[in-house]
Amino acid sequence: MLELRPSCEHCDKLLPPNSSEARICSYECTFCAVCVEQVLLNVCPNCGGGFVTRPIRPSHNWKGDNFLGKDGAGTRRVFKPVDASEHAALVARQNGLEPQDR
């Protein structure tokens with residue numbers, strides 16, 4: 001199950017469990033939509049993969065105890081702002097490849 005990290009790794013913006021602004025990569029690195037689009041250019045600075053919208057865990061127990069009240073969101077904040085020049089080099093090495101082709 002997803003950890004649902006509480007904030008953007010780059011700008012530290014709060015991303016509550018029901019945030020439609022949260023984006024994750026396949027390793028669950030978590031960033032806000034603005035950072036993914038304007039700073040990271042859809043390239044994860046940690047793995048080089050792309051991002052998708054983080055799913056929202058139901059807040060109500062609709063079925064089988066699969067809800068936020070039983071499986072709460074993570075509280076571990078990861079804050080490590082991206083080094084702009086290092087990230088630009090990573091993006092350049094990918095030469096415009098789409099996430100599915102990386």
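Trainee: What covers the buried residues of H2?
Mentor: The cover over the buried residues of H2 includes helix H1 (33–39), where contact means heavy atoms within 4.5 Å. Helices are DSSP runs of H or I with at least four residues, strands are runs of E with at least two, and both are numbered from the N terminus.

Trainee: Before I go on, what sort of model is it?
Mentor: This is a predicted model, in which local features need pLDDT of at least 70 and side-chain atom pairs count only at pLDDT 80 or more, while totals for chains, interfaces and linings use all residues. Residues are numbered from 1 along each chain as its sequence is written, and side-chain values use heavy atoms, with hydrogens and water left out.

Trainee: Back to H2, then: which residues are buried there?
Mentor: His 87, Leu 90 and Gln 94 are the buried ones in H2, and buried means under 20% relative accessible area, exposed over 50%, and partly exposed in between, using a 1.4 Å probe and protein chains only.

Trainee: Why do they line one face of the helix?
Mentor: Seen down the axis of H2, the buried residues fall within an arc of 55 degrees, so they line one face; the arc is taken from the directions between the helix axis and the C-beta atoms.

Trainee: And which residues are exposed on the other side of H2?
Mentor: There you find Ala 84, Ser 85, Ala 92 and Arg 93 exposed. Just after H2, Asn 95 takes a positive phi of about 50 degrees.

Trainee: Switching to the sheet, in what order do the strands come?
Mentor: The order is S2-S1-S3 in an open sheet of three strands with antiparallel pairing, and two strands pair if DSSP finds at least two bridges between them. Strand S2 (30–32) and strand S3 (52–53) are the edges, each pairing on one side only.

Trainee: How many bridges join S1 to S3?
Mentor: Two bridges join strand S1 (residues 22–24) to S3, and Ile 24 stands opposite Val 52 in S3.

Trainee: What about charges: how many salt bridges does the structure hold?
Mentor: Five, where a salt bridge is a side-chain nitrogen of Lys or Arg within 4 Å of a carboxyl oxygen of Asp or Glu. One of them joins Arg 76 to Glu 3, with the closest N and O atoms 3.3 Å apart, and this pair links parts of the chain 73 residues apart.
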